[in-house]
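Here is a short briefing to read beside the model.

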Amino acid sequence: MSGVIYCDQAATSFPKPPAVIEAVTRALTEFSASPGRSAHRMSLAASRTVFEAREAVAELFSVDDSSQIAWTLNVTQALNLALTGLLQEGDHVLTTSFEHNSVMRPLSWLARTRRVEVEVIPVPPSGQVDPAEFSRRLTGRTKLAVVNHASNVVGTICPLQEVKAALGGVPLLVDAAQSAGALCLDPIEEMADILAFTGHKALLGPTGTGGLWVRPGLTIKPLVRGGTGSRSEFEEQPEFMPDALEAGTPNTHGLAGLAAGVRYILDTGIETIRRHELELTEKFLDGLSQIKGLQLYGPSDPHLRTAVVSVNLAGWSPSDLALTLDREFDILTRAGLHCAPRAHRTLGAFPEGAVRFSFGFFNTTEEIEAVLTALDLLSRRRT
Amino acid sequence: MPREVLVYIFSSIHQVLRAEKVLQKADLPFDLIPVPKEVNPDCGLALEVEPDWADEVTAALAAAGLVIEVVYRRRGRDFHQLPQP
């Protein structure tokens, strides 16, 4: 869709690099067969596509063994796989008040059905996590800690290395929905034991792609069981990765696009991407500080956050503001609670929520200026 | 009389494709074939290697940390399992 200023990158990135579109089209037209099953040339091409996508993601995350990456449909499925595959009856799990419902809902279900004790560490409105809070709460039953790398509401970046160090060997599950492709994940072994990611946000791939990286030596029970193309003589799921956590035909066409998106990031350099997004965020935060009646959530220092900025404007409900930005200014944002009600409670923005602007590598400084001009104009007009 | 080849079996498609990448980089000759059903009911893939290249192929795979599950010497439909490389 042309002629719009797309500021909803935290939901799904747009536009995609042309190579992504070409890769999906090529997969659909040239080798739309099942990977890892048959051995004919089209199936082989599909298998290689899935393999190369795994290798590309492994390279981006600096993972030595790409077989430790299992595909899922999205980060939500990856998080569900990790949480339900690790937590058992009576286990204790640590998390924070800034998590997405893709963490909180499976945890609530586990609390109800497996009597898992879920301890939610309160985080201040800045979204800044204190690693010492984790070590303070460890018990003999603590099986896991789960945090996001970057908040989907205010973009605050979590000091993963410090949190992991504070856990004293208790595995850390990282929700990298907002950071994979936007922030450096190297060295991954010092930042996470398990990392859940999605392909359709900063990794620039299509929807329906995502995955879970699992540190070698950690075993997770699968979420689904079924055909893998391997060990077909047995009616039990294989125990080796990635087959242990993957069953059924994967999204080959989507993964072809994801591989191209990740290759684009590798060619561009994650530092270049971060620098550009930081520049946009800095400019946006500067401009917001000049707008009357504007409430900014999260840290004012752009270095502490990704290019995700939530605001409210005096006199406007978040939904009216987002609608007006769309209809009158062609600016696309996301209003509401962003599937993180607890974070919005902490921010004092519950139940109406806020308007979230999220930028990506393809947004420009001119677009930021246009958004600021629109907000300034609307700040003088009350609904 | 059918020619003699070696058939390398791996634990998963992922490992076969890793092996393919390693051998392509090392410029060593091989072929990807369906796993012969005489020795393995899997719907997966295997590597077929000429006996003359076996030592170099095995060394390249080992250097890359690849675990070969089993190697067969094949002549037509006759398979003979070799000791672990």
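S319(A) sits in helix α10 of chain A, residues 318–329. Helices (H or I, at least four residues) and strands (E, at least two) are DSSP runs, numbered from the N terminus. S319(A) is partly exposed, because 13 other C-beta atoms lie within 10 Å. The scale counts other C-beta atoms within 10 Å of a residue's own: 20 or more is buried, 12 or fewer is exposed, and in between is partly exposed, with C-beta atoms placed from the backbone. From S319(A) to A260(A), 59 residues apart along the chain, the C-alpha separation is 35 Å.

This is a predicted model: local features need pLDDT of at least 70, side-chain atom pairs count only at pLDDT 80 or more, and totals for chains, interfaces and linings use all residues. Residues are numbered from 1 along each chain as its sequence is written, while chains are lettered from A and ligands numbered from 1 in the order in which they are written.

**Chain A overall**

- Chain A has 12 helices and 13 strands.
- Its radius of gyration is 21 Å, close to the 21 Å that the globule rule gives for 383 residues, so chain A is as compact as a globular protein of that length. The radius is taken over C-alpha atoms, and the rule is 2.2 Å times the number of residues to the power 0.38.
- Along the principal axes, the C-alpha atoms of chain A fill a box of roughly 70 × 55 × 30 Å.
- Of the 383 residues in chain A, 52% are buried.
- Take the contacts in chain A between residues at least 6 apart in sequence: 71% of them join residues at least 24 apart. A contact means C-beta atoms, placed from the backbone, within 7 Å.

**Helix packing inside chain A**

- Helices α3(A) (residues 75–86) and α4(A) (residues 101–113) have axes that come within 9 Å and cross at roughly 30°. Axes are lines fitted to C-alpha atoms, for helices over the stretch in contact, and angles run from 0 to 180 degrees between N-to-C directions.
- The two helices, α3(A) and α4(A), are therefore roughly parallel. Under 35 degrees counts as roughly parallel, over 145 as roughly antiparallel, 65 to 115 as roughly perpendicular and the rest as oblique.
- Contact residues include L79(A) and L83(A) of α3(A), and V103(A) and L107(A) of α4(A).
- The contact residues of α3(A) with α4(A) divide into 7 nonpolar, 4 polar and no charged. Ala, Val, Leu, Ile, Met, Phe, Trp, Tyr, Cys and Pro count as nonpolar, Asp, Glu, Lys and Arg as charged, and the others, Gly among them, as polar.

**Chain A against chain B**

- 16 residues of chain A contact 13 residues of chain B. The chain A side divides into 5 nonpolar, 6 polar and 5 charged.
- Helix α2(A) (residues 41–60) and helix α1(B) (residues 13–25) have axes that come within 10 Å and cross at roughly 85°. They are therefore roughly perpendicular.
- S47(A), R48(A) and F51(A) meet I13(B), H14(B) and L17(B) in this contact.

**Backbone points to check**

- Most residues other than glycine have a negative phi, and most peptide bonds are trans.
- The D186(A) to P187(A) bond is cis, with omega near 5°. P187(A) lies in the loop between β6 and α7 of chain A.
- The F350(A) to P351(A) bond is cis, with omega near 5°.
- R115(A), not a glycine, has a positive phi of about 50°. R115(A) counts as exposed, because it has 11 C-beta neighbours inside 10 Å.
- C339(A) has a positive phi near 60°.

Note on methods:
Two residues are in contact if their C-beta atoms, placed from the backbone, lie within 7 Å.
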